[in-house]
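The following note sets out points for discussion on the model shown below.

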Amino acid sequence: PPYPVRLSGPVIKGFGRGSKDLGIPTANIPADDLSEKHPELTTGVYYGVVALDPKTYQHETSEGSTSTAVVLPAVLSIGYNPFYKNTVRSVEIHIMPALTEPSPTAAGQEGQTKFNRLPDFYKTKLNLLILGYIRPEFDYVSLEALVEDIRVDCEVARESLLREAYKCYLVDSGKMSGK
Ligand code: FMN
C-alpha cells in the first residue's frame, strides 16, 4: 500500500495477554472498519509512529524525568494472532521509547519501556502512521518463539525508522492528526 497509512481510534482493551504473557504491552484500536477503509492493509506486522495526547500518556526518559510523549516509534500486528487463534481481527500496537533512547529489546538489555499509564489512557485517541511492512503473522511452537520474533520486529522497526526519509514523521506531530 502507499505509505504512510493513517489509522486512528480510541485505545480499547485487548484480550489482556500482552503484558502478562508476553511482557510486551500493546495498545489496541478498533479494527471494525479496516477492510472498508483500508482494503490494501493485509494481515501482518508493520512499523510506524504513534502520536499520543501528551496529557494522557507520559513516559520516562533515561534522564529519569517524566516527559510528555509526542511521536514515538511503534510496531503493530494487524490480524488474528494465529498463536492465539483469535476469531476477530485486531490492531495491536506496541509503543517503543523514542529513538534517542536505548532500545528496550537490544541484546543484553532487560527490556521494558517505562510508561506511566495514566488512569484515563483507555478511550484516549491514538494516532498511528503506518510506514512499512515487516512480515506476515505466524503461528509459533512456543510463547518464547513469538516473543523472540516480536523483539526482532522492534529492532527492525527502530533501524528502519532511523532512515533520513522518516525524520519528518518523527518530529512533526502535526502530520499525524492531519493538520
Ligand atoms: N501474534 C501471533 O499469533 N503471531 C504473530 O506473528 C504476531 N506478531 C506480532 C508482532 C507484533 C509487533 C505485535 C505487537 C504483536 C504480534 N502478535 C502476533 C500478537 C500478540 O500475540 C498479541 O499482541 C498478544 O497476544 C497480546 O494480545 P492481547 O493484549 O490482545 O491479549
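1. What share of the 179 residues of the chain counts as buried? The figure is 46%, where buried means under 20% relative accessible area, exposed over 50%, and partly exposed in between (1.4 Å probe, protein chains only). The model is predicted, so that local features need pLDDT of at least 70 and side-chain atom pairs count only at pLDDT 80 or more, whereas totals for chains, interfaces and linings use all residues. Residues are numbered from 1 along each chain as its sequence is written, and side-chain values use heavy atoms, with hydrogens and water left out.

2. Overall architecture. The chain contains four helices and nine strands; helices (H or I, at least four residues) and strands (E, at least two) are DSSP runs, numbered from the N terminus. Read from the N terminus, their order is β-α-β-α-β-β-β-β-β-β-β-α-α. Among contacts in the chain with a separation of 6 or more, 73% join residues 24 or more positions apart, a contact being heavy atoms within 4.5 Å.

3. The largest pocket. Its volume is about 520 Å³. A pocket is defined on a 1 Å grid over the protein atoms alone, as an open set of points where a 1.4 Å probe fits, with protein on both sides within 12 Å along at least five of seven lines; lining residues have an atom within 4 Å of a point. Grid points are joined across faces, edges and corners, and the volume is the space filled by probe spheres set on the points. There are 33 lining residues, of which Gly18, Leu22, Thr26, Asn81 and Glu92 are the closest to the centre of the pocket.

4. Composition of the lining. Two or more residues each come from helix 1 (18–22), strand 6 (71–79), strand 7 (90–95) and helix 3 (143–161). Helix 1 gives the largest share, four residues. By type, the lining comprises 16 nonpolar, nine polar and eight charged residues; Ala, Val, Leu, Ile, Met, Phe, Trp, Tyr, Cys and Pro count as nonpolar, Asp, Glu, Lys and Arg as charged, and the others, Gly among them, as polar.

5. The loop between strand 6 and strand 7. Asn81 lies in this loop and is buried, at a relative accessible area of 10%. Beyond its neighbours within four places in sequence, Asn81 contacts Arg17, Asn86, Ser90, Glu92 and Glu137. Although not a glycine, Asn81 has a positive phi of about 45 degrees. Lys85, placed in the loop between strand 6 and strand 7, also has a positive phi, near 55 degrees, but is exposed at 61% relative accessibility. Most residues other than glycine have a negative phi, and most peptide bonds are trans.

6. The peptide bond from Tyr3 to Pro4 is cis, with omega near 0 degrees; Pro4 belongs to the segment before strand 1. Pro2, in the segment before strand 1 (5–10), is exposed, with a relative accessible area of 67%.

7. Cysteines. The structure holds zero disulfides, a disulfide being a pair of cysteine sulfur atoms within 2.5 Å. Cys154 is buried, at 1% relative accessible area, whereas Cys168 is partly exposed, at 30%.
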